[in-house]
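Please read the numbered points beside the coordinates.

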Amino acid sequence: MYFRTKIQVLKRTVILHSNKTQSIQRKHPWIFSGAIKSTAKGISEGDVVTVEDENGQFLAKGLYNDGSIAVRILSFENVALDNAFFRNKISNAVSLREQLNLFRADNNICRLVHGEGDGLPGLIVDFYAGVAVIQCHTYGMYKLIEKIADALQFALKDQLIAIYSKSSDTLPPQFETEDNYLIGDVPTPHLALENGITYAIDWVKGQKTGFFIDQRENRKLLGEFAKGKKILNTFCYSGGFSLASLKNEATLVHSLDSSKKAIDLTEENVRLNAFNGEHKSIVADAMQFIKELPEDYDIVVLDPPAFAKSRTKRHKAVQGYKRLNASTIKQLKPGSILFTFSCSQVVDKQLFNNTVIAAAFEAGRNVRILAQLHQPGDHPINAAHPEGEYLKGLVLRID
Ligand code: SAH
């Protein structure tokens with residue numbers, strides 16, 4: 001017994017209950033704490049651990065976390081998590097974005113690494129015209145940041161001018177992470193392009209890594225509806241949907257956010273692009289504003305922040321989406337278009353659709369679904385990890 005424990009410590013082993021290995025066999029990248037039979041003494045948050053079955057058979061390697069998701073798996077093979085491992089993973093991630101044609105003269109913003117979707121749970125890397133911004137969601141990933149930086153340099157070569165590490169928002173304060181440049185030093189805001197539109201991106205002061213890249217394709221789709229239209233973009237942050245509308249000859253765009261800082265970013269981006277349509281920004285609470293619209297808008301965008309961050313909050317979140325959508329649908333004139341989104345991972349596509357349909361019913365309006373929207377290819381969903389699907393949206397015509 002003593003001998004076995006000692007080996008376990010050396011190997012930093014986590015042993016699963018015999019009836020809890022199915023999900024790992026299906027290559028799901030999470031191990032919940034309830035599946036663990038024993039953990040080697042001395043393992044602490046952020047350690048690289050080896051996962052075994054009760055007979056000592058190797059199952060996976062991953063990063064240990066003191067929480068309900070106890071291990072996030074990085075490999076189902078018994079390999080070292082060294083520089084070569086990260087170079088391989090990040091080169092694959094970059095080559096997917098190349099395949100998606102996201103490095104172009106008119107587009108140099110994309111998500112380079114999307115956690116589980118790129119086989120690197122806990123890691124986000126966003127790319128803004130030569131600058132990679134790393135955001136770690138686990139301390140284990142943060143401890144590997146030098147390997148990640150090495151791999152980014154290897155994969156991006158001279159496309160890369162700087163790497164900024166920003167994990168202080170995503171990791172608990174006890175880890176005392178520092179936000180700083182790992183290579184280079186680029187003043188912010190930094191100009192970058194999405195589908196021909198210039199954005200001033202500030203990863204130091206902005207929300208998340210500075211920009212909501214996941215709405216790129218949905219902004220483009222809105223652009224196709226925008227010509228000659230009056231548009232209200234609520235929860236606008238730095239104005240992505242507003243800019244896509246103005247570029248496509250919307251006549252009037254109102255951008256609304258409760259954060260003055262977000263509105264300042266929107267104004268800056270509107271100024272930078274100098275499109276023709278009329279633009280006005282509004283600092284207000286979207287729910288209040290929507291109760292009485294000052295214009296007969298042709299199109300409204302609702303892109304609120306995640307209403308639910310955990311399963312226990314799901315019911316309340318659903319009620320929130322229903323209220324927001326019902327109030328909006330009630331206000332819209334017949335023939336108008338609503339782009340409505342949810343980025344709450346725990347509210348799945350079906351639940352979101354049902355909620356919006358229930359909202360239309362409550363508003364006493366007939367609606368038709370013109371399109372079902374989701375996250376773009378640079379936010380890939382690992383098929384073994386359906387939880388990775390978080391962004392969904394509907395384009396509705398309000399009759
Ligand atoms: N649509 C944006 C991203 C939205 S992020 C884009 O394309 O970039 C969510 C935004 O909602 C944040 O900017 C946040 O400040 C804003 N927000 C949060 N609560 C709000 C509220 N009650 N009313 C208006 N805006 C709100």
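**Notes on the fold**

1. E249 lies in the loop between α7 and β15; helices (H or I, at least four residues) and strands (E, at least two) are DSSP runs, numbered from the N terminus. The phi of E249 is near 70°, a positive value in a residue other than glycine. Most residues other than glycine have a negative phi, and most peptide bonds are trans.

2. On provenance, this is a predicted model, in which local features need pLDDT of at least 70 and side-chain atom pairs count only at pLDDT 80 or more, while totals for chains, interfaces and linings use all residues. Residues are numbered from 1 along each chain as its sequence is written, and side-chain values use heavy atoms, with hydrogens and water left out.

3. The open sheet has 7 strands in the order β16-β15-β14-β17-β18-β20-β19, with mixed pairing; two strands pair if DSSP finds at least two bridges between them. Because β16 (278–283) and β19 (367–374) each have a single partner strand, they stand at the edges, and one side of each is left without a neighbour in the sheet. The twist averages 15° from one strand to the next; angles run from 0 to 180 degrees between N-to-C directions, and axes are lines fitted to C-alpha atoms, for helices over the stretch in contact.

4. Strand β14 (residues 230–234) is mostly covered, with 4 of its 5 residues buried; buried means under 20% relative accessible area, exposed over 50%, and partly exposed in between (1.4 Å probe, protein chains only). β14 runs parallel to β15 (residues 252–257), to which 5 bridges join it. Within this pairing, T234 has L256 as its bridge partner. From β14 the chain passes through helix α7 (residues 240–247) to β15, a right-handed β-α-β crossover; right-handed here means that, with the strands pointing away from the viewer, the path from the first strand over the helix to the second runs clockwise.

5. β14 is also parallel to strand β17 (residues 299–302), and 4 bridges join the two. In β17, V301 stands opposite N233.

6. R368 stands opposite R397 in β20. Elsewhere on the sheet, helix α8 (residues 260–273) packs against β15 and β16, touching both, and its direction makes about 170° with that of β16; contact means heavy atoms within 4.5 Å.

7. Helix α11 lies across β18 (336–342), β19 and β20, and runs at about 25° to β20. Which helix packs with α11 (residues 349–363) at an angle of about 45°? Helix α10 (residues 314–331) does, with the two axes 8 Å apart. The pair α10 and α11 is therefore oblique; angles under 35 degrees count as roughly parallel, over 145 as roughly antiparallel, 65 to 115 as roughly perpendicular and the rest as oblique. Residues of α10 including Y321, A326 and I329 meet residues of α11, among them F352, V356 and A359.

8. A cis peptide bond, with omega about -5°, joins T188 and P189; P189 is located in the loop between β11 (180–183) and β12 (190–194). N195 is found in the loop between β12 and β13 (197–201), and its phi is near 45°, again positive in a residue other than glycine. N195 is buried, at a relative accessible area of 17%.
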